[in-house]
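These are my notebook entries on one chain. I kept them in the order in which I looked things up.

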Amino acid sequence: MARCDQGYLCRVCNAEVEDIVDSELYLRFVIGEIDPETLHTSPECHLRCNALLAQFISDPRFEPRISVEGDFSMSALDSEFVRTKSDLVNRGYARLWEIMQDEVGMAVIDYPLEEVQSKWR
Ligand SMILES: [Zn+2]
């Protein structure tokens, strides 16, 4: 789902993923969970439709705040893991907003967080 493309449908709810800030796929890309080769062959998903990932986002721009019950809830997970993951996911989420508001036409390969890009080099 590049900004000008249309028609990428969420694998969970089947509705269109309209903005990069709604994209679970791109969030996972910017935080390094998806590499550039598999980005375009992976199915799209709304962030809100992947609660296990979305629960880590605490950003006023992300609404509503998502919570998960059970074994994979933030309260059940290891606190160090939750701290590290929340930090990464929130920086990734903020990055999606930078990408959406970018006016110079950033290349997709430059989307990921700096630490992710340096891992790939
Ligand atoms: Zn969805």
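Entry 1, the core. I looked up the largest nonpolar core and found 20 residues in it. A nonpolar core here is a set of buried Ala, Val, Leu, Ile, Met, Phe, Trp, Tyr and Cys residues joined through C-beta atoms within 7 Å. A residue is buried if 20 or more other C-beta atoms lie within 10 Å of its own, exposed if 12 or fewer, and partly exposed in between, with C-beta atoms placed from the backbone. The residues with the most contacts inside this core are Tyr26, Leu27, Val30, Leu53, Val89 and Leu96. Two or more core residues come from each of α1 (24-30), α3 (51-54) and α4 (79-101). I noted α1 as the element that gives the most, with five residues. Helices (H or I, at least four residues) and strands (E, at least two) are DSSP runs, numbered from the N terminus.

The model is predicted; local features need pLDDT of at least 70, side-chain atom pairs count only at pLDDT 80 or more, and totals for chains, interfaces and linings use all residues. Residues are numbered from 1 along each chain as its sequence is written.

I counted five helices and zero strands. Read from the N terminus, the order of elements is α-α-α-α-α. The chain has 121 residues, and 24% of them count as buried. Along the principal axes, the C-alpha atoms fill a box of roughly 40 × 35 × 25 Å. I then checked the radius of gyration, taken over C-alpha atoms, against the globule rule of 2.2 Å times the number of residues to the power 0.38. For 121 residues a compact globule would have a value near 14 Å, and the chain has 14 Å, so the two agree. For contacts, I used C-beta atoms placed from the backbone and lying within 7 Å. Among contacts between residues at least 6 apart in sequence, 60% join residues at least 24 apart.

How far apart are the end C-alpha atoms of α4? The expected span of a helix is 1.5 Å times one less than its number of residues. For the 23 residues of α4 that gives 33 Å, and the end C-alpha atoms are 33 Å apart, which agrees. Buried in α4 are Val89, Gly92, Tyr93, Arg95 and Leu96. Their cover includes α1 and α3. I also looked at Phe81, which is found in α4. Phe81 is exposed because it has 10 other C-beta atoms within 10 Å.

Ile20 is placed in the segment before α1. Is it buried or exposed? Ile20 has 21 C-beta neighbours inside 10 Å and therefore counts as buried. Leu47 is 27 residues from Ile20 in sequence and 9.8 Å from it in space. Phe81 is 61 residues from Ile20 in sequence and 26 Å from it in space.

Phe29 is found in α1 and is buried, with 24 other C-beta atoms within 10 Å. Leaving out residues up to four places away in sequence, Phe29 touches Ile34, Leu39, Tyr111 and Pro112. Phe29 and Leu39 are ten residues apart along the chain, and their C-alpha atoms are separated by 7.1 Å.

I found Glu114 in α5 (residues 114-120). Glu114 counts as exposed, since it has 10 C-beta neighbours inside 10 Å. Glu114 and Ile31 are 83 residues apart in sequence, yet 9.4 Å apart in space, C-alpha to C-alpha.

Most residues other than glycine have a negative phi, and most peptide bonds are trans. Which residue has a positive phi although it is not a glycine? I found Asn14, with a phi of about 75°. Asn14 lies in the segment before α1 and is exposed, with 8 other C-beta atoms within 10 Å. I also noted a cis peptide bond between Glu63 and Pro64, with omega about -10°. Pro64 lies in the loop between α3 and α4.

Definitions and conventions: Contact = placed C-beta atoms within 7 Å.
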